[in-house]
Each structure stands twice: as C-alpha cells, then as structure tokens.
Amino acid sequence: LEDGKLPEERSGMMKDLEKNIEEFKNNPNKSIRFVSQEQTICKNGDLIWVELSIRFHYNAEGDILSTALIRNIEDRKKSEEKLKHLSYHDQLTNLYNRRFYEEELMRLDTERNLPIALIMADVNGLKLTNDAFGHQEGDKLLKNISELFKKVCRSDEIISRIGGDEFVILLRKCNYKQARMLLDRINEA
C-alpha cells in the first residue's frame with residue numbers, strides 16, 4: 001500500500017492525471033475536469049470506492065493549480081453492482097438469464113473457443129406442477145433443477161435460464177464426446 005491506495009490503481013490514476021494535465025496545457029481555455037473512480041483504504045482499514053474530481057487552472061505566475069473533490073461513492077458502487085447482477089441473472093434461480101446467455105454466446109464465438117457445445121433442457125411437468133400444487137412448488141422445482149446443474153457443471157460452464165422452464169448450458173472448447181459426458185452426468189444426477 002502506498003498513501004492508502006493500492007499500487008496498481010495509483011499508477012493507473014497517475015497516468016490518467018498526467019494525460020489530463022497535458023490536455024489542459026494544450027487547451028487552457030477549455031473547461032477540463034479529470035474524474036477518476038478508484039478504491040482506497042480508510043484509516044480504519046476498510047476498502048471503499050471514491051470518486052476524485054479535479055479541475056485545472058493557471059495562477060497569475062503561470063503555474064498549473066488544481067481544485068480537487070473526493071467523495072465516497074461506496075453506496076453507489078454497491079447499487080450499480082446489484083443492478084448489474086440483476087440485469088444478467090434470473091431472480092428465481094440466480095443463474096444467468098437469456099440476455100447474458102445471448103451476449104456471452106456472441107462474445108465466445110471466436111476461433112480460440114471452438115468447438116462450442118450447447119446443452120438445452122426444459123423441465124418436464126412444470127405446468128402440471130404449477131396447476132396441481134401452485135406456483136411456489138413450481139418455483140421449488142426450478143430451484144432444485146438449477147442447483148442440480150450447479151453441482152454437476154464446472155465453474156467455467158455457463159448455465160442460463162432462458163425461459164420459464166428452459167435452460168441452456170454453454171460449453172466452450174468442448175467437443176461432442178465431452179458434452180455427451182456432461183449430459184450423462186446431468187441425467188444421472
């Protein structure tokens with residue numbers, strides 16, 4: 001730790017700051033504000049997110065001066081993380097959702113990830129379960145299935161709930177034989 005900051009964050013911030021000073025020197029009449037978000041360590045040892053905002057100006061002697069404002073944005077960062085999590089995860093099962101699956105499929109569709117395999121599944125009898133026992137029991141069934149997928153699949157395999165009773169497991173660098181072995185493990189479980 002240096003000056004209460006993590007070294008890699010401080011070096012990145014310093015490079016950005018130097019770049020912004022150069023931009024100010026090239027455009028002194030333009031209102032330039034340098035804004036950076038970083039984690040820093042408080043006196044009590046807690047690691048929190050802060051936002052640093054700096055404006056540059058010249059004094060009468062021609063020296064560059066700055067006015068800085070630092071504010072604690074920890075609550076905002078936590079809210080942003082929660083929203084990001086909700087936007088890519090199914091609320092019931094906490095698996096990835098259809099949006100994440102579709103974006104991830106596009107991102108992974110490169111030569112280095114081939115072959116890509118998909119295992120698609122739907123839960124037999126979900127409608128019947130919902131009709132006979134209520135949606136709470138149907139939700140339990142979906143949660144149980146998602147837990148089964150999490151136990152059987154490896155951490156790098158992307159499990160998504162893409163519809164009411166529909167799931168997809170996305171496997172990169174996975175040939176037919178490997179995908180079949182995973183499917184057998186799922187069916188056995």
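User: What is the make-up of the largest pocket's lining by class?
Analyst: In this predicted model, the lining of the largest pocket consists of 11 nonpolar, two polar and one charged residues.

User: How many residues line the largest pocket, and which lie nearest its centre?
Analyst: The lining has 14 residues. Nearest the centre of the pocket are Ala121, Asp122, Ile145, Phe149 and Ile186.

User: And what is the volume of the largest pocket?
Analyst: The volume of the largest pocket is about 190 Å³.

User: Let us turn to helix 4. Which of its residues are buried?
Analyst: Helix 4 spans residues 126–133, and Leu126, Thr129 and Asn130 are buried in it. These three residues lie on the same side of helix 4, because they cover an arc of only 95 degrees around the axis.

User: Why do residues three or four places apart point the same way in an α-helix?
Analyst: An α-helix has 3.6 residues a turn, so residues at that spacing point the same way.

User: What does the face turned away from the buried side of helix 4 carry?
Analyst: That face carries the exposed residues Lys127, Leu128, Asp131 and Ala132.

User: What covers the buried residues of helix 4?
Analyst: The cover includes helix 5, which runs over residues 135–152. Just after helix 4 comes Gly134, which takes a positive phi of about 100 degrees.

User: Now the strands. In which sense do strand 2 and strand 3 pair?
Analyst: Strand 2 (residues 47–58) and strand 3 (residues 64–72) pair in the antiparallel sense, over nine bridges. Together they form a hairpin, with five residues between the two strands. In the turn, Gly62 has a positive phi of about 90 degrees.

User: Which residue in strand 3 does Phe56 stand opposite?
Analyst: Phe56 stands opposite Ser66. Phe56 is also in contact with Asn20, a residue of helix 1 (residues 7–26).

User: Is Asn20 buried or exposed?
Analyst: Asn20 counts as buried because its relative accessible area is 11%, and buried means under 20%.

User: Beyond its neighbours within four places in sequence, what is Asn20 in contact with?
Analyst: Leaving those neighbours aside, Asn20 is in contact with Ile32, Phe34 and Phe56.

Conventions:
Residues numbered from 1 in each chain as written. Predicted model: local features only at pLDDT ≥ 70, side-chain atom pairs only at ≥ 80, totals over all residues. Heavy atoms only, no water. Pairing = 2+ DSSP bridges. Helix = DSSP H or I, 4+ residues; strand = E, 2+ residues; numbered from the N terminus. Buried < 20%, exposed > 50% of the residue type's maximum accessible area, 1.4 Å probe, protein only. Arc of directions from axis to C-beta. Contact = heavy atoms within 4.5 Å. 1 Å grid on protein atoms, 1.4 Å probe; cavity = no way out; pocket = protein on both sides within 12 Å on 5 of 7 lines; lining within 4 Å. Points joined across faces, edges and corners; volume = space filled by probe spheres on them. Nonpolar A, V, L, I, M, F, W, Y, C, P; charged D, E, K, R; others polar.
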